[in-house]
Amino acid sequence: MGPKILLIFSLRYYCLAASAALIKYVEFVQNTIYASESLRIVFKGSEQTTLIDAGTSSVLELAVNLNDPKSDQSLYGVLNHTKKQGGSRLLCCNVLQPNDVETIQGRLDCVEDLSNSSELFFGLQSVLARFDIDIDHLLSLLVQIPKQETGKSRERHMTTAILLKHVTELVPALSDVLSHAKCELFVAYKVSLQDARYGCIVDIINRTIHEDARYTKGHLNMKTQRCFAVKQGLHGVLDLSRITYTELIEDINELIAQLGDKHGLPLKSAYTISRGFHIQLATKATDQLPSDFIK
């Protein structure tokens with residue numbers, strides 16, 4: 001390490017120490033390690049910035065309404081017409097930490113581009129609607145390495161692989177839509193999306209994950225996707241486990257159907273995280289439950 005770098009580090013000692021303490025806290029409290037070269041840290045000084053303390057931010061109602069915290073009557077609430085969680089967080093960050101004039105002008109050029117091209121506007125709207133997951137959350141999952149592998153961590157790895165497959169498969173469609181853009185920022189996005197490494201990621205995932213594996217909403221639907229995501233024939237024990245799981249699901253549905261026929265009730269199977277599999281019945285279907293259902 002050269003003397004110039006040491007000098008720079010010494011001038012930013014407290015900033016580096018606070019960052020290191022935060023990373024260590026996450027490592028020991030959340031039992032998570034970040035992958036090597038996965039964190040990008042940018043140091044920015046206070047030049048050309050306006051400092052607003054927390055009290056002033058609250059009085060100005062930049063992010064939260066003083067009378068009703070749930071109300072959207074704040075600067076952030078009025079401006080927030082974002083479609084995704086990541087966009088909402090970025091807008092809130094920009095309200096509390098405004099960007100420089102150059103960045104703002106670049107984004108205004110994007111707005112002008114969208115206003116002048118209906119094909120670009122509706123195309124982006126259609127493609128972004130398919131990115132129905134939190135990209136920031138996915139990126140955080142990708143760079144976190146658990147200290148100890150458990151059943152939950154393996155389940156999280158499988159979910160992450162399915163989500164990453166879902167996102168990377170949408171990259172070509174997003175790149176094609178941006179081909180109609182003219183402003184500098186959109187063009188830069190298009191160039192970055194044409195990176196060949198996205199295709200490599202898809203190829204690596206498809207070696208193990210079934211092509212039909214998809215991100216779906218609902219805990220049970222996602223549980224089923226995880227169960228059958230790995231291609232058949234790669235792991236014998238896993239194949240047998242999936243056959244057993246399928247038979248158990250069929251037995252559960254058959255039992256519920258038999259109980260419904262026996263008591264003449266419209267019973268159906270349901271699944272929640274807290275209860276697991278259980279029987280569901282509308283309250284208007286009967287006034288009194290049969291004795292078989294009372295413990």
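Colleague: How far is the sulfur of C183 from the closest cysteine sulfur, and in which residue is that sulfur?

Modeller: This is a predicted model, in which local features need pLDDT of at least 70 and side-chain atom pairs count only at pLDDT 80 or more, while totals for chains, interfaces and linings use all residues. Residues are numbered from 1 along each chain as its sequence is written, and side-chain values use heavy atoms, with hydrogens and water left out. A disulfide is a pair of cysteine sulfur atoms within 2.5 Å. The sulfur of C183 is too far for a bond, because its distance to the closest cysteine sulfur, that of C110, is 3.5 Å.

Colleague: How many disulfides does the rule give?

Modeller: C15 is in no disulfide, as the nearest cysteine sulfur, in C93, lies 16 Å away. By the distance rule, the disulfide count is zero.

Colleague: Is C183 buried or exposed?

Modeller: Buried means under 20% relative accessible area, exposed over 50%, and partly exposed in between (1.4 Å probe, protein chains only). C15, at 36% relative accessibility, is partly exposed. C183 has a relative accessibility of 9% and therefore counts as buried.

Colleague: In which helix does F28 lie?

Modeller: F28 has a relative accessible area of 57%, so this residue is exposed. The helices are DSSP runs (H or I, at least four residues), numbered from the N terminus. The one holding F28 spans residues 13-29 and is helix α2.

Colleague: What is the relative accessible area of D109?

Modeller: D109 lies in helix α6. This residue counts as partly exposed because its relative accessible area is 31%.

Note on methods
Helices (H or I, at least four residues) and strands (E, at least two) are DSSP runs, numbered from the N terminus.
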